[in-house]
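Morning, everyone. I will go through the contacts between the chains and then the rings. Here is the model.

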There are 2 protein chains.
Amino acid sequence: MAAEEAAVRAQAETVRRLKQDKADPDEIAKEVSKLLEMKAQLGADEGKHKFVLKTPKGTRDFGPREMAIRERAFKAIISCFKRHGAEVIDTPVFELKETLTGKYGEDSKLIYDLKDQGGELLSLRYDLTVPFARYLAMNKITNIKRYHIAKVYRRDNPAMTRGRYREFYQCVNDRRILDGMFAVCGVPDSKFRTICSSVDKLDKMPWEEVRSEMVGEKGLSPEAADRIGEYVQLHGGLDLIERLLQDPKLSQNKLAKEGLGDMKLLFEYLTLFGITGKISFDLSLARGLDYYTGVIFEAVLLQQENEHVEEPVSVGSVAGGGRYDGLVGMFDPKGRKVPCVGVSIGIERIFSILEQRLEASEEKVRTTETQVLVASAQKKLLEERLKLISELWDAGIKAEMLYKKNPKLLNQLQYCEDTGIPLVAIVGEQELKDGVVKLRIVATREEVNVRRESLVEEIRIRTSQC
Amino acid sequence: MAAEEAAVRAQAETVRRLKQDKADPDEIAKEVSKLLEMKAQLGADEGKHKFVLKTPKGTRDFGPREMAIRERAFKAIISCFKRHGAEVIDTPVFELKETLTGKYGEDSKLIYDLKDQGGELLSLRYDLTVPFARYLAMNKITNIKRYHIAKVYRRDNPAMTRGRYREFYQCVNDRRILDGMFAVCGVPDSKFRTICSSVDKLDKMPWEEVRSEMVGEKGLSPEAADRIGEYVQLHGGLDLIERLLQDPKLSQNKLAKEGLGDMKLLFEYLTLFGITGKISFDLSLARGLDYYTGVIFEAVLLQQENEHVEEPVSVGSVAGGGRYDGLVGMFDPKGRKVPCVGVSIGIERIFSILEQRLEASEEKVRTTETQVLVASAQKKLLEERLKLISELWDAGIKAEMLYKKNPKLLNQLQYCEDTGIPLVAIVGEQELKDGVVKLRIVATREEVNVRRESLVEEIRIRTSQC
């Protein structure tokens, strides 16, 4: 570095002297250019030790391989939304801070705020639900089935569960059943939401710990906690719903009764769809967020079966949602309610599962869709390659070529092996004379001469078979 | 509102009295539920007048129609990238603040910073180029052809040009030609970047204003400014390049000579691709950002031809980019350079043009891909509709149904007219008895009975023709 600095100083001295001597302006300009270039290089060098090269905490890049996997997952998800007639919307990555205020209960501290640089106070969106409710209220929309694919931002430390998963499973419950249950268990009304937050931890903590949080930290009576403990271990299907509708206490609670009635209807529809086997009505499901008002649900992964474990253990939620009938009304000037129900899919977790599976399977993931590499058999054919690839591009064929002026044929074939390109279109002097292109099928090493005017059609046929 | 508050207070009093009287716990729980519900409603109402319902300044929502248009544009762009063998990457929406520091020159003041909430200092990305350079340096990648579709954030007030455009046009120049030109015109080396910024304004201001900024604000000598003025009005093709290579001053400048040499090669390739007619070598093109080191280019829209205007006027850039060989080195611990060249497409502007065109054409934009509506001809057929739609979904058919229990047939047909669904599968009592479904073609009003087991195939055939 010291040597480079000395060189810049020497060059600056040269420029000074030339100017002093009133030398030829072009000569001066030339040396100034050189000095500028050296300074720029030095400046770049100086900057280089000052920072750590990383993405912000909790974020990651997606390289081409990761993106190929992520797009597979998106494709499956989007095709499901489209199959059910959903429309897509998009909203800005940040919202007015006050739009998010008061919507997330205890989670509000995890919101990213933007710096006050003059103008409006802004926050990054924390979920897609509150912006959606804002969108509905703003545009006075009362009927829409929408999907929305976008990142959300939370200042927490996501613990990425890794491991092998046995299967997906859906849990459902209803906030009204929970609230009714709290009421009949003797939870004071002021403690409903905080006790609900404790119940929400049952997927990560054993009941004993949750109970001690309820009694110790949150001041619930041990009797009430024990009554809750009896309920939250219940899970089942229509049979459990029927039983609870007969429960002498719960059946007297208006909210619980409403919730159980709707849950029964839901299970009747699930029966028609033939999927009751995948769904469990689970009284311990609570969901963290404040805004749910009715049915709530989660899709969870169960751990790979293990002889040491008796019951399958949930290792994490990959999707979740519920009914939030009050949220849009919070944005409407006249408080008009718009009933809503939605699900959020945690693509990051699904992605990491897909990634593990692909690693295990050693499947080669292609990161491009290139159908053909335009290659040359001899030197001095750059212009011919450019002409041919231009023809292919114009015909809609996905084609690549190496950028070197005179690449070796072996390197060009190797590139196809590495990237999974199935075909090579080879131009050589003889082929040019004969008006043909040699088409090589990478997998079989078969080579055929194809008339130039038939090449596009031949490539289409051969790649539609792949 | 006052009445609602009074009602809540009365209900709270009821609860207090019941508790005081040690009434039946279930009775208390019931009244508490009621109180909670009333409070929640009141809270929602209270929040409603406090804020303005809007998206942050400079941002907008995209509803289903806008998204359908945007996705059309994306599809065209992505298919072009894929045709040329590009891979896709993604990076986080924010970067460490220091990653962005010192990369944008005078534009740095437009960066959105996040609030310091403890931990790292973060900024929203300002472009996709700097995060890409950070990604390359971090992963030691020296060869990649990538595309990246994402939003970037700038604290300016984008003036959205509206109007009719005649055609796209590409301008090219080279930073080395510009810098050589500045040198031979007698611009002091310390003023290169700021004079370059002035030249960049030539697409929005006449030369006279730019000249007075150079001389007045930036202290350039009038003679130097006038020499620049002569160069920047030049534009042309290979002929102009040849002429400048003969220019007694410019041809003596090392940087300019390099730039002109590469420009000549570029035009030779453009000739092979047959697109020189769409490209203008334009000495006034400067590009605002600091990091460009070689060729720079812009795709601009020219105004609709107008008899009152002699030369077509550029009304805005829809894409731009250039070579930035120094940027990755700024992130590399050893300053290793990775040559890069890239283009950024301004999708917002392209989108607003597409939107105008669609409005003018009155073309109906579909926002879903639904193939068939499952409808019922009589009442009490909700379960039959659910069964049929479930079969269709399982077979991969895109299907919808109305959510009402007993919708009128007319309303179901109207829904198809409104949303562009081409087919209706109607279940009725007679059809169920006969084991058929009545398939109605919305456009022609033709109706045919299709055996239930052939329905999926029939829908596939009929919608592949659409």
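How many salt bridges does the rule find across the interface of chain B and chain A? It finds 13, a salt bridge being a side-chain nitrogen of Lys or Arg within 4 Å of a carboxyl oxygen of Asp or Glu. In one salt bridge, the side chain of Lys82(B) meets that of Glu369(A), at 2.7 Å from N to O. On the side of chain B that touches chain A, helix α2 (residues 25-47) gives the most, with 12 residues; helices are DSSP runs of H or I, at least four residues, numbered from the N terminus.

Some background. This is a predicted model, where local features need pLDDT of at least 70 and side-chain atom pairs 80 or more, while totals for chains, interfaces and linings use all residues. Residues are numbered from 1 along each chain as written, chains are lettered from A in the order written, and side-chain values use heavy atoms, without hydrogens and water.

As for contacts, meaning heavy atoms within 4.5 Å, 104 residues of chain B touch 103 residues of chain A.

Now the rings. Over all chains there are 20 aromatic pairs: rings of Phe, Tyr and Trp (its six-membered ring) with centres within 6.5 Å, stacked under 30 degrees between planes, edge-to-face over 60, and tilted for the rest. Phe273(A) and Trp393(B) form a tilted pair, 6.1 Å centre to centre with 55° between the planes. Phe273(A) lies in helix α11 of chain A and Trp393(B) in helix α13 of chain B, so this pair joins two chains. Ring pairs also link Tyr104(A), Tyr126(A), Tyr291(A), Tyr292(A) and Tyr324(A) into a cluster.
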